[in-house]
Amino acid sequence: MLCFLVLADQQVWIIAISLYISVPLPTNLSYMLLGQTQTLKISEKNNSGWILTDESGEKAFLPKIFVQDDKEIGDEIEVFVYQDDHKLKATTEVPLAEVGEFAVMSCVQSLPSGAFMDWGIIKDLFIPYKQQKSKIVEGKRYLVYLYIDEDLELITGTTKFKRNPQYQDLPFKKGDKVDLIMMNESELGWNVVINKKYIGLIYTSDVFKKLYPLSEEVGYIKAIREDGKIDVSLQPEGFENIDEFRQKVLDKLEENYGLLHLSDKSTPEEIKDELQMSKKNFKKAIGGLYKDKVIDILEDKIKLL
């Protein structure tokens, strides 16, 4: 560095900037959306497959097994872009998850250096040993998050992720219906993945059915807290959703020949075990059915009229 001091100040400043910005940036940064589904243009065809390009001219190879006979050079095609031997490749297959998403995957091979997971496409996803919360065992299923390793510039999986993180500018609001993957049970309730991208919490008081890790459920956004954390419920809230609970009560009555040994005096646990709903929603449902003269409410049971 001392040899540069004899140069003009402006030259020294320019070189210093160049050295500074070269450190954090990858050397072969690709402009293509790595690990994402995108629309690319067919630019070349050969016996092995097609060469696809994006708007910047970046290229990805689509193997012959995925080409479509009705496409010509210049046409566009929707593909998922990944890496294989440090080269960009494309597939028309749909992966279990893209970069920035969670998915449940099965381990197809476990090695001392890491594990290969069934990604749902021709390429398996690699999870380095250091990114495994616990040793991944071949044949078992795990919740995996996908990201791009900035040092290696590779799509990578991890089973290490922060529980109940804080978010900003979330794409949903209270009451929205969402898809859930059950993570694990904690002292507060169940940690869940929301729409494959976010982590939230179902409090124990909102759990009215038996839940299992890695199972899929439908849920509803209960609250987005000021600290950026997400509360989720397995049931919609409010009278606007009461028809769903009424129907559930009616279905159970029909299964039991018009008689159900529950009433507004039943305990929350009894209602939860029989109908997988809260006592509050149960009382709303039977109150509406009674008002409409569909059921009769007796001391210890309800019956269809």
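Visitor: Why does lysine 45 count as partly exposed?

Guide: This is a predicted model, and the values I quote are computed from it. Lysine 45 has a relative accessibility of 37%; because partly exposed covers the range between the 20% limit for buried and the 50% limit for exposed, lysine 45 counts as partly exposed.

Visitor: What makes the contact of lysine 45 with glutamate 72 a salt bridge?

Guide: The closest N and O atoms of lysine 45 and glutamate 72 are 3.7 Å apart, and since a salt bridge requires a side-chain nitrogen of Lys or Arg within 4 Å of a carboxyl oxygen of Asp or Glu, the pair qualifies as a salt bridge. The partners belong to distant parts of the chain, lysine 45 lying in strand E1 and glutamate 72 in the loop between E3 and E4, 27 residues apart. Glutamate 72, with a relative accessible area of 47%, is also partly exposed.

Visitor: What makes E2 a paired partner of both E1 and E3?

Guide: Two strands pair if there are at least two bridges between them; E1 and E2 have 4 bridges in the antiparallel sense, while E2 and E3 have 5 bridges, again antiparallel, so both cases meet the requirement. Lysine 45 has tryptophan 50 in E2 as its bridge partner, and glycine 49 stands opposite proline 63 in E3. E1 and E2 form a hairpin with 3 residues between them, whereas the hairpin of E2 and E3 has 5 residues between the strands, with glycine 57 in the turn showing a positive phi of about 95 degrees.

Visitor: Why is the pair of phenylalanine 102 and tyrosine 145 called tilted?

Guide: The structure holds 6 aromatic pairs. In this one, the ring centres are 4.8 Å apart and the planes stand at 50 degrees, so the pair is tilted: planes under 30 degrees apart would be stacked and those over 60 edge-to-face. The pair links phenylalanine 102 in strand E6 with tyrosine 145 in strand E9, 43 residues apart. Phenylalanine 102 is buried at 4%, whereas tyrosine 145, at 26%, counts as partly exposed. Together with Phe161, Phe102 and Tyr145 form one aromatic cluster.

Visitor: What makes the pair of phenylalanine 172 and tyrosine 198 edge-to-face?

Guide: Their planes are at 85 degrees, with 5.5 Å from centre to centre; because the centres need to lie within 6.5 Å and the angle needs to be over 60 degrees, the pair of phenylalanine 172 and tyrosine 198 is edge-to-face. Phenylalanine 172, at 10% relative accessibility, counts as buried.

Visitor: How do you know that lysine 222 and aspartate 206 form a salt bridge?

Guide: Their closest N and O atoms are 2.6 Å apart, and because the limit is 4 Å, the pair counts as a salt bridge. Lysine 222 lies in strand E14 and aspartate 206 in the loop between E13 and E14, so the pair ties together parts that are 16 residues apart in sequence.

Key
Residues are numbered from 1 along each chain as its sequence is written. This is a predicted model: local features need pLDDT of at least 70, side-chain atom pairs count only at pLDDT 80 or more; totals for chains, interfaces and linings use all residues. Side-chain values use heavy atoms; hydrogens and water are left out. Helices (H or I, at least four residues) and strands (E, at least two) are DSSP runs, numbered from the N terminus. Buried means under 20% relative accessible area, exposed over 50%, partly exposed in between (1.4 Å probe, protein chains only).
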